[in-house]
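I opened a notebook page for this protein and wrote down what I looked up, in the order I looked.

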Amino acid sequence: MLAGLVADGFRLVGPLGFVLDTDQWLARYGGGGLVTEKLDWAEVEVRDFGGTAIAIGVHDQVAKHQGNPVNGRFRATHVLVRDDGRWRLAGIHLSPIGGPPPFAPAPGGDER
């Protein structure tokens, strides 16, 4: 079922910077190594560029990978391409949601 959702050349960039191609991504589910118990996709904004669309939202998951919890709340970007009249995933990028880096100036603060 998941294989039918992705376009040729699909890539997933995980929240720790690893990159998976289609076969690697599907193998995590197919072998039972990755078990998703809950997945929520909220606050989604979709921008349509004709044959390509970008969807940015919040991906909230409860899951286990090889028996270890991999729960998380991530900012997710999905890149979709139109293929034979269907939208298919060309890429997913997951980023942890956090505050500004410690070196960023405080709002309204002095940037000296």
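Entry: Trp25. I began with its contacts, leaving aside neighbours within four places in sequence, and found Leu2, Val6, Phe10, Leu12 and Leu20. The model is a predicted one, which I note here for everything below. Trp25 lies in helix H1, residues 22–30.

Entry: the core. I asked which residues of the largest nonpolar core touch the most other members. They are Phe10, Leu12, Trp25, Leu89 and Ile92, out of 13 residues in that core. I then checked which strands supply at least two residues of this core, and listed E1, E4 (52–65), E6 (72–83) and E7 (86–96). As background, nonpolar side chains tend to be buried together in soluble globular proteins.

Entry: Phe10. With neighbours within four places in sequence left aside, I found Phe10 in contact with Leu20, Asp21, Thr22, Trp25, Leu89, Ala90, Gly91 and Ile92. Trp25, Leu89 and Ile92 in that list were already on my page as core residues.

Entry: His78. I placed His78 in strand E6. Its relative accessibility is 14%, so His78 counts as buried. Leaving out neighbours within four places in sequence, I listed Trp41, Ala53, Ile54, Ala55, Leu89, Gly91 and Ile92 as its contacts.

Entry: Trp41 and the surface. I located Trp41, one of the contacts of His78, in strand E3, residues 34–48. At 32% relative accessibility, Trp41 counts as partly exposed. Together with Val44 and Val46, Trp41 makes a nonpolar surface patch of about 250 Å².

Entry: Glu43 is in strand E3, while Asp84 is in the loop between E6 and E7. Glu43 counts as exposed at 55% relative accessibility, and Asp84 is exposed at 74%.

Entry: Gly17. I found Gly17 in the loop between strand E1 (6–13) and strand E2 (19–21). With 48% relative accessibility, Gly17 counts as partly exposed. Phe49 is 32 residues from Gly17 along the chain, and I put their C-alpha atoms 27 Å apart.

Entry: the whole chain. I counted 1 helix and 7 strands. From the N terminus on, I wrote the order as β-β-α-β-β-β-β-β. The radius of gyration is 17 Å, well over the 13 Å that the globule rule gives for 112 residues, so the protein is more spread out than a compact globule. I fitted the C-alpha atoms into a box of roughly 50 × 40 × 20 Å along the principal axes. Of the 112 residues, 25% count as buried. I put the accessible surface at about 7,500 Å², and 54% of it belongs to carbon and sulfur atoms. Among contacts with a separation of 6 or more, 40% come from residues 24 or more positions apart.

Note on methods: Residues numbered from 1 in each chain as written. Predicted model: local features only at pLDDT ≥ 70, side-chain atom pairs only at ≥ 80, totals over all residues. Heavy atoms only, no water. Helix = DSSP H or I, 4+ residues; strand = E, 2+ residues; numbered from the N terminus. Buried < 20%, exposed > 50% of the residue type's maximum accessible area, 1.4 Å probe, protein only. Core = buried A, V, L, I, M, F, W, Y, C linked by side-chain atoms within 4.5 Å. Contact = heavy atoms within 4.5 Å. Patch = residues over 30% accessible without salt bridge, like charges linked within 9 Å, V, L, I, M, F, W, Y side chains within 5 Å. Areas by Shrake-Rupley, 256 points an atom, 1.4 Å probe, with all protein chains shown as cover. Salt bridge = Lys/Arg side-chain N within 4 Å of Asp/Glu carboxyl O. Rg over C-alpha atoms; globule rule 2.2 N^0.38 Å.
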